[in-house]
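Work through the exercises below with the structure open. Try each task before reading its solution.

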Amino acid sequence: MDEAQATSSTTTRSYWRWSKKDFFPETSFQTMSSYKSALSQTCPRLTDRLLARSSSTNELVTLQKVSENPMQKCLSWWDLIWLSFGSVVGSGIFVVTGQEANRDAGPAIVLSYAISGLSALLSVFCYTEFAAEIPVAGGSFSYLRIELGDFIAFIAAGNILLEALVGAAGLGRSWSSYFASMIKSDSDFLRIKVSSLPKGFNLLDPLAVVVLLVANGVAMSGTKRTSWLNWISSLASGAVIVFITIFGFIHAKTSNLEPFFPYGIEGVFRAAAVVYWSYTGFDMVANMAEETKKPSRDIPIGLVGSMSGITVVYCLMALALIMMVKYSEIDVNAAYSVAFEQIGMKWAKYLVSICALKGMTTSLLVGSLGQARYTTQIARAHMIPPIFALVHPKTGTPVNATLLVTIISAIVAFFSSLDVLSSVLSFTTLFIFMLMAVALLVRRYYVKDVTSKNDLIKFIMSLFVIIGSSMGVSALWNSNERRWIGYTLAGLLWFLGTLAMAFLSKQRVPKVWGVPLVPWLPSLSIVMNLFLIGSLGFRAFLRFIVCSAVMIVYYLLVGLHATYDVAHQNEEVSKIEEAK
C-alpha cells in the first residue's frame, strides 16, 4: 500500500515546484565538492562534448520525457500558414519600405524585396526538411545539435534566444510608441521619465510591460487558442493589405518608376540587407513542429507556402507605394500613411496605423509561442535548468519557459529605449540561417561510421571552399571593390566548391520532404546569408563576439557539466536496457 502511494505521489508531482534538485538534478551540482570535482575535469569533459552529436531519437523521444507531459498536437497546415503570416508580416513592411526606397533603392526596392525573399525562402527550405523529419520544439537548436554538435548548437541557441528576447522587448516598446503617437504626436508621452537613470534607460514604459504580459498570457493559455486569435487578426490585416495594394495601383503612375535604379545596383543590395528583417519570424513557427498534427504534410505546406505568398505580397506592396509617389518624395517615417494623404484619402492612414499595430501584436503572440518552445528544448537538454522544460498538464504548454522569457523581456522593455535595443539586434538570425544550410549539407553527405574517410575529407574541403569564397564576396563588396576580377574569382571558387560536392555520393535521402537541388540551393543560401551578414557593420560583429564570450563562460561553468552528466547517464541506461 505504501509503495503504491509513493508511486502515486511521484507520478502526480505538482507542476509548481522550486527545489534545488528541480533546477540542478545533475550529479555535478549535488554538493560543493562534486562541483569542484566537475570543474577540475573541465578540459576532458569539453573534449568529450565539443563535437558530440545528438540523435533524432534522443531529441524526439528521450528529451521529451523531461517535460513529463506532452504538448498537444493541435496545429494543421492552415494554422502554420497564418502563424507564419502573423509572425512575419509585422510593422516592418510599413516602416522600412519607404525609408529604403527613398534613401537606397528607389523604385528598385521591389527587387530588394525579391532578393531578400529568395534568401529567406532558401532558409525556409532548410528548416522545412529538418522540421518535417525531426518535429521537435527546439527548432534550429535541435537540428544543429544533431548535425554540428553540442557546442555550436549552444552558441547558436544562446544568441538567437537573446535576440528573440530583445526583439520581443523592442516590439513591446514599438507597440507603446505607435499607440501613443495615434493619441498624441508624442511617442513618449505614456512613458515615465526618471532623470536619475542614465540616458537610454530613463524612460520607463509600463504599457510595453502590459502588452508583453497579455501576449505571453494568451500564449500560455493554449496553443490552439493563440492560433485562432492570430488567424482572426491576421485575416483582418490581410484585408487591409489588399485594400492598400488595390487602391495603390488604381492611383499609380508609371512615370514614378523612372529612373528605376537611381542609386545603382549597390543601393538595391543595401536595401535588401535592411528589408530582410521584414521576412524574419518563420523560424519561430518551425519551433511549433512538435504540436503539428501531420508534420510531414503540414510543415512543408505551412512554411514554404506562407513564405512564397509573403514574398509576393511584399513585392506588390512595395510596387504600389513607389508607383503612387515618386521615390524622392516618399515620407521615410510614415510612407504609406502620407502617400494616401497625398492622393486625398486621409482616412486611410488610420487603416495603415491599425494594420501596423496589429502586425506587432501578432508578432508578439507567435514570438511568445516560438521563444517558449525554443527555451523548452534547451532545458530538456539540461543546458539551462530542466524545470523550464516542464509542460503544464492542463494547458499542454510550457508555462515555466513562457514565464521565463516573459519576465526577462518585460524587464528589458520597461527600462531600455528602442535605440539601445536596436543596437543589440541583427547578426544572429542570418548566422543561424547560414548554419542551418551547413547542417543540411552535413546531414546529406555525412553519416557517422558510414561515410568513408576519403569522402569526408573531400566534403570538408568543398565546404571550406564554399564558405571561404562566400566570405570573400562579402568582404569585396563591403570594401567598396567593384572591379569584376575579384568577384569572378570568388564566384568561380564557389561554383567549383559546390560542383565538387555535387559529385560526392549522398549518404542520406530525406524520408519525408527534401530540399531540391542539393547542394546548389543550400550553398546559395550560405553565400547570400554571409553576404548580408557582411553588410551589418562592426557593431553587430562586436555584439555577437561579446555575447558569445559570455555564453562560453556560462557553458564552461554550468552547461558543459550538466550535459556531460546527462549524456553519460543516458549511455549507462541504454547499456542496461540492451543487456536486458
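## Exercise 1: A loop residue and its backbone

Solution. The model is predicted. Next, the backbone: its phi is positive, about 65 degrees, although aspartate 449 is not a glycine. Most residues other than glycine have a negative phi. Last, the surface: exposed means over 50% relative accessibility.

## Exercise 2: Another positive phi

Task: Find the loop that holds glutamate 68 and classify its accessibility.

Solution. Glutamate 68 belongs to the loop between helix H5 (56–62) and helix H6 (77–88). Its phi is near 70 degrees, a positive value in a residue other than glycine. Now apply the cut-offs: under 20% is buried, over 50% is exposed, and partly exposed lies in between. The relative accessibility of glutamate 68 is 46%, so this residue counts as partly exposed.

## Exercise 3: Cis peptide bonds

Task: What is the omega of the bond from glutamate 258 to proline 259, and of the bond that joins valine 518 and proline 519?

Solution. Recall the background: most peptide bonds are trans. Take glutamate 258 to proline 259: omega is near -5 degrees, and the bond is cis. Proline 259 is in the loop between helix H12 (223–250) and helix H13 (264–275). Go on to valine 518 and proline 519: omega is about 15 degrees, and this bond is cis. Proline 519 is in the loop between helix H22 (484–502) and helix H23 (520–534).

## Exercise 4: The overall fold

Task: How does the radius of gyration of the protein stand against that of a compact globule?

Solution. Begin with the elements: there are 24 helices and 2 strands. A compact globule of 580 residues would have a radius of gyration near 25 Å; the protein has 25 Å, so the value agrees. Along the principal axes, the C-alpha atoms fill a box of roughly 80 × 55 × 50 Å. Among contacts with a separation of 6 or more, 85% come from residues 24 or more positions apart.

## Exercise 5: Surface and charge

Task: How far apart are the mean positions of the positive and negative charges?

Solution. First the area: the protein exposes about 24900 Å², and carbon and sulfur atoms supply 67% of it. Then the charges: 45 are positive and 36 are negative. Their mean positions are 1 Å apart.

Notes:
Residues numbered from 1 in each chain as written. Predicted model: local features only at pLDDT ≥ 70, side-chain atom pairs only at ≥ 80, totals over all residues. Heavy atoms only, no water. Helix = DSSP H or I, 4+ residues; strand = E, 2+ residues; numbered from the N terminus. Rg over C-alpha atoms; globule rule 2.2 N^0.38 Å. Contact = heavy atoms within 4.5 Å. Areas by Shrake-Rupley, 256 points an atom, 1.4 Å probe, with all protein chains shown as cover. Lys, Arg positive; Asp, Glu negative; His and termini not counted. Charge placed at Lys NZ, Arg CZ, Asp CG, Glu CD. Buried < 20%, exposed > 50% of the residue type's maximum accessible area, 1.4 Å probe, protein only.
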